[in-house]
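Here are my notes on this model, as numbered points. Please read them alongside the sequence and the coordinates.

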Amino acid sequence: MLGIKQDALAFDLGEDWNQKKISMLEQKDVIEDNILRQISNSLKIPVEAFQNFDEEQAVNLISCNFSDNAMFNNRIEVFNNNPIDKLIQLHEDKIALYERMLKEKDEMMQRLEKLINK
């Protein structure tokens with residue numbers, strides 16, 4: 001339900017664990033308390049959630065606590081990058097550059113005219 005791979009859980013649980021051991025653990029009907037606590041700590045899910053497992057409640061818990069946005073403290077930042085605004089800004093920058101270039105050209109022409117007229 002959480003989308004966590006068996007290898008990842010095994011890694012979190014420590015060196016004694018591997019993917020095959022996690023797979024065998026998933027097949028068990030009863031899991032020892034100490035192992036259940038380890039898994040609970042690793043997945044950050046209360047032991048009681050495993051002991052009183054109800055699929056509907058579990059789906060609700062996971063969707064509320066482990067969605068993409070929940071992983072970032074439920075902060076959803078919206079960036080308003082309006083492409084039209086960007087396009088207008090680029091156009092204005094281009095006009096300003098063109099005007100500077102024209103001014104420099106005019107200044108250069110004046111200097112050249114002064115040199116020619118000497």
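1. Leucine 25 touches Trp17, Ile31, Ile35 and Ile39, leaving aside residues up to four places away in sequence. Contact here means heavy atoms within 4.5 Å.

2. The model is predicted: local features need pLDDT of at least 70, side-chain atom pairs count only at pLDDT 80 or more, and totals for chains, interfaces and linings use all residues. Residues are numbered from 1 along each chain as its sequence is written, and side-chain values use heavy atoms, with hydrogens and water left out.

3. Leu25 also belongs to the largest nonpolar core, which has 10 residues: Leu9, Ala10, Leu13, Trp17, Ile22, Leu25, Ile35, Ile39, Leu43 and Ile45. Two or more residues of this core come from each of helix H1 (6-13), helix H2 (19-27) and H3. Such a core is a set of buried Ala, Val, Leu, Ile, Met, Phe, Trp, Tyr and Cys residues joined through side-chain atoms within 4.5 Å. Buried means under 20% relative accessible area, exposed over 50%, and partly exposed in between (1.4 Å probe, protein chains only).

4. Tryptophan 17, one of the core residues, has the charged end of lysine 21 over its ring, 4.4 Å from the centre. The criterion is NZ of Lys or CZ of Arg within 6 Å of the ring centre and within 35 degrees of the ring normal.

5. Lysine 44 lies in the loop between helix H3 (33-43) and helix H4 (47-51) and is exposed, with a relative accessible area of 67%.

6. Proline 46 is found in that loop between H3 and H4. Proline 46 is partly exposed, at a relative accessible area of 45%.

7. Of its 118 residues, 15% count as buried. Among contacts with a separation of 6 or more, 33% join residues 24 or more positions apart.

8. Mean pLDDT, the predictor's confidence in each residue from 0 to 100, is 80 for the protein, and 76% of residues reach 70 or more. Confidence is lowest in helix H5 (residues 55-65), at a mean of 68, and highest in helix H6 (residues 83-117), at 92.

Notes. Helices (H or I, at least four residues) and strands (E, at least two) are DSSP runs, numbered from the N terminus.
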